[in-house]
Amino acid sequence: MDSLSLARLDDPLAAARDATAEMLTQRRRHFSLPQPFYNDERLFQLDIQEIFSKEWLFAGLTCELPSKGNFITLEIGDNPVVIVRGNNGEIHAFHNVCRHRGSRLCVKESGKVAKLVCPYHQWTYELDGRLLFAGTDMGSDFDLSAYGLKPVHVRTAGGYIFISLAEQPPAIDELLETMENYLDLYDMDNVKVAVESSIVEQANWKLVIENNRECYHCNGAHPELLNSLQEFDDSEDPRATPAYKELVARKQGEWQAMGVPWELKRLGRRNRLTRTPLLDGTVSMTMDGKQACKKLMGRLPSPDLGVLRILHLPNSWNHFMGDHAVVFRVLPLGPQKTVVTTKWLVHKDAVEGVDYDPERMRRVWDATNDQDRRLAEENQRGINSSAYEPGPYSETFEFGVIDFVDWYSERMLENLGYTSHLSLAEG
């Protein structure tokens, strides 16, 4: 064995793995994580290896691949991925890496191609990943079949595309079945992305998710959002007022009569789906609470459907209304750098300027995203201080954050191979 091969046997993150497991098993429950989880390069690499490379990630939407040859790309840490619609309508995902000398194949975020052609030396692949052409210079006995693209696990449901880089991904069937049920009326193959934005936050990805998992900060930070959104996380929120509970009961009766799914579904700590009312008298997340799009999504019977909230850890939250949906994807770029992509969806036949105004549709969440960016970045700056130590979460206001941090801790420990059972110290 040569020296380079021997060097590969030495895991440079071995010490970090042990230290990470120790910190997680010793951390105080209902407290924020120790500082390294938010700013250490080695822990960021472990997050990529043990969370983002082993869990199912929300990657994109089937409506973004409307026909054969349409593709989208994304990067999971140092791993570029391409997702493409194949010849028979199926969706494939591959490592976006040429089998010749490793160049990226697709260099744009999206597009349409007849074949996947490497821009470096023109090696050409079929849409199902088979190598079709490598040039005559490779020799007459070159075996094309041995150099197809390396596949990535991909599953779809309710118009969503999930990928996993793991050799053996965790179970996802229950989530897929639930999403198919809850999104059936939205007819997600017949929607389109009306507008899209990506913002880079100078904060660890976990701070971005933690901020999303509570509305403790909403009154002081999100005036635009609170024109339509109820602060309560779902129908079982311990803070819910009697007036809110009465509104929930009334709206659930209406949705039940219309055949619209509304029940709270929790699939462990990782996934949650629930339909909750907006402020009484509002039907959409707009500045005035009125429809942003005149044409309703799919086969929905009414614009007054509250908001269907879908959570998928580690990287997505979503809001579905009667007239449009807002879909979020989170991808880590570094220990203190995260990209948040937002997509606003409407019925595919809705006409811009006639049925909807993109600027009016996006105003609330453009403002909210920027406000959340500033909150996360200030949180990061404080955590970087030598004065930081883990602080207590409110079990009433921040139970969603507690759930996320517990989920993260459990998955990190299990994926590291230490334990699937947390023995966390009590606060």
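A disulfide, for today, is a pair of cysteine sulfur atoms within 2.5 Å. By that rule, the count here comes to 1 disulfide.

Before I go on, a word on what we are looking at. This is a predicted model, where local features need pLDDT of at least 70 and side-chain atom pairs count only at pLDDT 80 or more, while totals for chains, interfaces and linings use all residues. Residues are numbered from 1 along each chain as its sequence is written, and side-chain values use heavy atoms, with hydrogens and water left out.

So, which cysteines form the disulfide? They are cysteine 215 and cysteine 218, with sulfur atoms 1.9 Å apart. The torsion about their S-S bond is about -105°, so this disulfide is left-handed. Are the two cysteines buried or exposed? I call a residue buried under 20% relative accessible area, exposed over 50%, and partly exposed in between, using a 1.4 Å probe and protein chains only. Cysteine 215 counts as buried at 10% relative accessibility, and cysteine 218 counts as buried at 3%.

Cysteine 98 is buried, with a relative accessible area of 3%. For cysteine 106, the closest cysteine sulfur is again in cysteine 118, and the distance of 9.7 Å is too far for a bond. Cysteine 106 is buried too, with a relative accessible area of 6%.

Let's move to the strands. Helices (H or I, at least four residues) and strands (E, at least two) are DSSP runs numbered from the N terminus, and two strands pair if DSSP finds at least two bridges between them. There is an open sheet of 3 strands here, in the order E6-E7-E8, with antiparallel pairing. Strand E6 (116–117) and strand E8 (131–133) stand at the edges with a single partner strand each, so one side of each is left without a neighbour in the sheet. E6 is joined to strand E7 (residues 124–125) by 2 bridges, and these two run antiparallel. If you want to find the pairing on screen, valine 117 stands opposite threonine 124 in E7.

One last stop: where does serine 53 lie? You will find serine 53 in the loop between helix H4 (41–52) and strand E1 (57–61). Serine 53 counts as buried, at 14% relative accessibility. Taking contact as heavy atoms within 4.5 Å, and leaving aside neighbours within four places in sequence, serine 53 touches Ile48, Asn79, Leu165 and Ala166.
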